[in-house]
Amino acid sequence: MNHPTPADAAADKTAAAKPKLITFHRLIASARMPQRADRSAAGSLPTRAFRYCEAATSAAAFGYYLFPPIGFSVQWDGYDIMWTFEGAGDWLPLKSAQFPGFRDHFDALAPDEIKEFSPPFLSALQEPGLIQIWTGIVVRTAPGWSLLVRAPANLPRTGGWDAYEGIVETDRWFGPLITNLRLTKTNTPIDFKPDYPLLQVQPVPRHIYEDATLNNYEIVPDLAHFTPEDWDDYYDTVVRPNSQVVRPRGQYASAARKRRSAEGASDDKSAGN
């Protein structure tokens, strides 16, 4: 029987003290729980892409799905926005709407100084055709990490809307995770289903999008400026695979997975030292 060593105990203590990369707080109890995005884009990727296109599957799996907390529909006539939801029975003019029954639930549990500050679920913005939706979720990320909020990657949408992307410093800002949507159809009901992903959120280190990082770039103006190393890499990437008599499918995907596996094993070994 193996007994834990002092080093094992110290490693376990360090892991326990390390904050989670991301923590989801569900405020609307009926909302579907966030879930890890998957490599098949919720089963929508073509089989060939799922098997051989590592670029598509990696993008699809990067992050977490968030869902509407209730099934609802909106309709825009070019001026005014109407909405309805499961059980409403009629279309209602949209200005700013609370999630059904949530305000009383929030006020019953919130400290006195926070009562009456429950976030709205759905709002019409002053710009034509724009709405703001709250997922029922509050998110906290580890120090130095922000959250990129966007439409789900590689997942087909039902149509009629586009999501604005945003980056929120969720390690510092602890509030309702909301997003803005642009309606793209008029005089047509646009449906949102509670079991179909509305958003994909992706944790990113803050330094990734800082100017000091993004301004560190270079442009090679034309082909004449390719270096011998550039031509060698191009040969290995493009020419060599296409020169093979028998070319296995998914070579990039296989190489990328092997590299990640080796890097993960190296990281685990380093953490154990």
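Helices (H or I, at least four residues) and strands (E, at least two) are DSSP runs, numbered from the N terminus. This is a predicted model, in which local features need pLDDT of at least 70 and side-chain atom pairs count only at pLDDT 80 or more, while totals for chains, interfaces and linings use all residues. Residues are numbered from 1 along each chain as its sequence is written, and side-chain values use heavy atoms, leaving out hydrogens and water.

**Stop 1: helix H3**

Select residues 54–61, which make up helix H3. Its buried residues (under 20% relative accessible area with a 1.4 Å probe, protein chains only) are Glu54, Ala56, Thr57, Ala60 and Ala61. These residues lie on the same side of H3 because they cover an arc of only 165 degrees around the axis, taken from the directions from the helix axis to the C-beta atoms.

**Stop 2**

Two strands count as paired if DSSP finds at least two bridges between them. Select residues 72–76 (strand E4) and 81–85 (strand E5), an antiparallel pair with five bridges. Gln75 stands opposite Met82 in E5. Four residues separate E4 from E5 in this hairpin, and Gly78 in the turn has a positive phi of about 100 degrees.

The E5–E6 hairpin has six residues between its strands, with Gly87 in the turn at a positive phi of about 95 degrees.

**Stop 3: the open sheet**

Five strands form an open sheet in the order E2-E3-E15-E10-E12, with antiparallel pairing. Which are the edge strands? They are E2 (35–36) and E12 (166–168), each pairing on one side only. Within the sheet, select 145–150 (E10) and 199–205 (E15), which run antiparallel and are joined by six bridges. Arg150 stands opposite Gln200 in E15.

**Stop 4: the cavity**

A cavity is a set of points on a 1 Å grid over the protein atoms alone where a 1.4 Å probe fits but cannot get out; lining residues have an atom within 4 Å of a point. Grid points are joined across faces, edges and corners, and the volume is the space filled by probe spheres set on the points. The whole structure has one cavity of 30 Å³ or more. The largest cavity holds about 120 Å³ of space. Select Thr158, Trp161, Tyr196, Pro197 and Leu198, which lie nearest its centre among 13 lining residues. How does the lining divide into nonpolar, polar and charged residues? Nine are nonpolar, one is polar and three are charged, where Ala, Val, Leu, Ile, Met, Phe, Trp, Tyr, Cys and Pro count as nonpolar, Asp, Glu, Lys and Arg as charged, and the others, Gly among them, as polar.

Conventions: 1 Å grid on protein atoms, 1.4 Å probe; cavity = no way out; pocket = protein on both sides within 12 Å on 5 of 7 lines; lining within 4 Å. Buried < 20%, exposed > 50% of the residue type's maximum accessible area, 1.4 Å probe, protein only.
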